[in-house]
Amino acid sequence: MSKTSSGTEADTVAIAEVGRGCFALARPGRPTLGVIRAEDCLVLVDAPANKDEAAPVLEALDRLSDKPVKHVVLTHYHARRRLGASAFVPGEIISSDLTRRLIEERGRQDLDCEQVARQQEPQGPLRAAYASGLPVDPSLTFASSLSLRLSGREVRVMHLGRGHTMGDVVVYVPDSGVMFGGDLLEPGGCVDARDGHLADWLRTLERMRAFRANALIAGCAPAVAGPTQVGEALNRTRDYLDTLLGTAKACADERMSLKEAYAAIRDAMDPRFGKLAHYSTRMPFNVVRALEEAGGQDLPQVWTADRYRQTLGLLGSMDRADDQSTASNAA
C-alpha cells in the first residue's frame, strides 16, 4: 500500500492505496473514509463530521486527483459519517432508502448523543466537531443495490442486510476487489452495536465474505489488505457479535436485572475481547441493545441524549467501580 500525508500533525490525513484507484483516508480519532478514483471524477465513501473536519480531507483529495467529487456514498445514518457531506455539494449524496428514513426519524437524536459522548473526552479531537454540522439529505436513494458506471469503471453500492444499523450499505469495486464496509466492521476494535440488529448482522457479514475481497476499508482503523486478513477481520467481528448476543440471550432467559446481566456479559467477554479499542466505552450501549434483541425487541429503541447519559451513568459507574477495586487490590 502506498502512503502520503497532508496538513499539520493535528490535521494529518494518511492516504493508503489498497487497490487500483481505491484509497483509505485516515486521521487519528476519526472514522476512516474511502475514495474511489475514476478517470473523470472521485467517489467518496462516507463524509467527515462537519465542514471544518472536511478541509484536510479536501486537501488530500486534491493530491489524489484534480477531478471533482461526483458522488458521496453514506454507508449509514450516524452523524459522524454524514454531517460533513455538505462540503461536497453539488456532488450527489447517495444512501439506502432505509438510511434516509433513519436520518429523518433519528438523525437529530444521534447528533445529540455524539455531543454528549464528546463531552466525556475534553481533549478528544472531535469534542467540538459536531457543533457546526450541517445536515444534508441524500439526493439519491435505493432499496437494495445501485451500480455506478464511471468512465467504464463499475462501483457497486449494496444493502446486504441489517447490521450496524438498519440501513447499512457496502461499496464494492470489482476491478480492484476492494470493499468499503463503513462501520459494519471495526478492524482491531470493538464495533458499535447500539443501533444494531445482531442476528441479521451475522448474516450480513457472511454475505460480505462471499465477495472474497482483496482489501477492506472500514471502521476507525487502517485498511485491511489481503484476502486472509479480510477474512480474519470478518471472523473477529462475527465472534464478538455471536458471543454478545448468545450471552445476552442466556441472561434474558434467567430474567437478570440490567446490572446483573451487564456484569455477567462482561465476565464472559472481557477475557476474549477486553483489549479491543473502544471496548469499555461501547460495551454499556452494546449490552443494552443485545438484551433488547434477546428479549424480542426487533427495532432498537431511539437513543436520546437523556437515555445515553442514563446508560453511561448506570453501567459506566459499574466499570469505574471495578477499575477502582482493581487498582486498590493491586496496591
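**Salt bridges, cores and ring pairs in a predicted model**

E206 forms a salt bridge with R209, with the closest N and O atoms 3.0 Å apart. A salt bridge is a side-chain nitrogen of Lys or Arg within 4 Å of a carboxyl oxygen of Asp or Glu. Both residues lie in helix α3, three residues apart, about one turn of the helix. Helices (H or I, at least four residues) and strands (E, at least two) are DSSP runs, numbered from the N terminus. An α-helix has 3.6 residues a turn, so residues three or four places apart point the same way. E206 is partly exposed at 36% relative accessibility, and R209 is partly exposed at 25%. Buried means under 20% relative accessible area, exposed over 50%, and partly exposed in between (1.4 Å probe, protein chains only).

The model is predicted: local features need pLDDT of at least 70, side-chain atom pairs count only at pLDDT 80 or more, and totals for chains, interfaces and linings use all residues. Residues are numbered from 1 along each chain as its sequence is written, and side-chain values use heavy atoms, with hydrogens and water left out.

A search of the whole structure finds 27 salt bridges. One of them joins the side chains of R80 and D183, at 3.6 Å from N to O. R80 lies in the loop between β6 (69-73) and β7 (92-96), and D183 in the loop between β12 (178-182) and α3, so the pair ties together parts that are 103 residues apart in sequence. R80 is buried, with a relative accessible area of 11%. D183 is buried too, at 6%.

R309 is partly exposed at 43% relative accessibility. D306 is partly exposed at 48%. Elsewhere, salt bridges that share partners join D46, R80, R81, D110, E114, D183, D192 and R194 into one network.

D110, a member of that network, is found in helix α2. Its relative accessibility is 2%, so D110 counts as buried. The side chain of D110 reaches the backbone nitrogen of A79 at 2.7 Å. A polar contact also links the side chains of D110 and R194, at 3.3 Å. A polar contact is a pair of N or O atoms within 3.5 Å; within protein, one must be able to donate a hydrogen and the other to accept it, and residues adjacent in sequence count only if both atoms are side-chain atoms. Leaving out residues up to four places away in sequence, D110 touches Y77, H78, A79 and R194. Contact here means heavy atoms within 4.5 Å.

The largest nonpolar core has 49 residues, of which L185, M208, L216, Y240 and I265 touch the most other members. A nonpolar core is a set of buried Ala, Val, Leu, Ile, Met, Phe, Trp, Tyr and Cys residues joined through side-chain atoms within 4.5 Å. Elements that give two or more residues to this core include α2 (97-119), β11 (170-173), α3 (198-209) and α5 (258-273). Helix α4 gives the most, with nine residues. A second, separate core of 23 residues includes V173, F180, A215 and I217. In the largest core, L216 touches M179, G181, L185, M208, A223, V224, V230 and A233, not counting residues up to four places away in sequence.

Helix α4 has 27 residues. From first C-alpha to last it reaches 39 Å, close to the 39 Å expected at 1.5 Å a residue. The expected span is 1.5 Å times one less than the number of residues. Just after α4, R255 takes a positive phi of about 55 degrees.

The whole structure holds four aromatic pairs. Rings of Phe, Tyr and Trp (its six-membered ring) pair if their centres lie within 6.5 Å; planes under 30 degrees apart count as stacked, over 60 as edge-to-face and the rest as tilted. The ring centres of Y172 and F211 are 5.0 Å apart and their planes are at 55 degrees, so the pair is tilted. Y172 lies in strand β11 and F211 in the loop between α3 and β13. Y172 is buried at 9%, whereas F211 is partly exposed at 22%. F285 and W303 form an edge-to-face pair, 5.4 Å centre to centre with 75 degrees between the planes. Ring pairs link F285, W303 and Y308 into a cluster.
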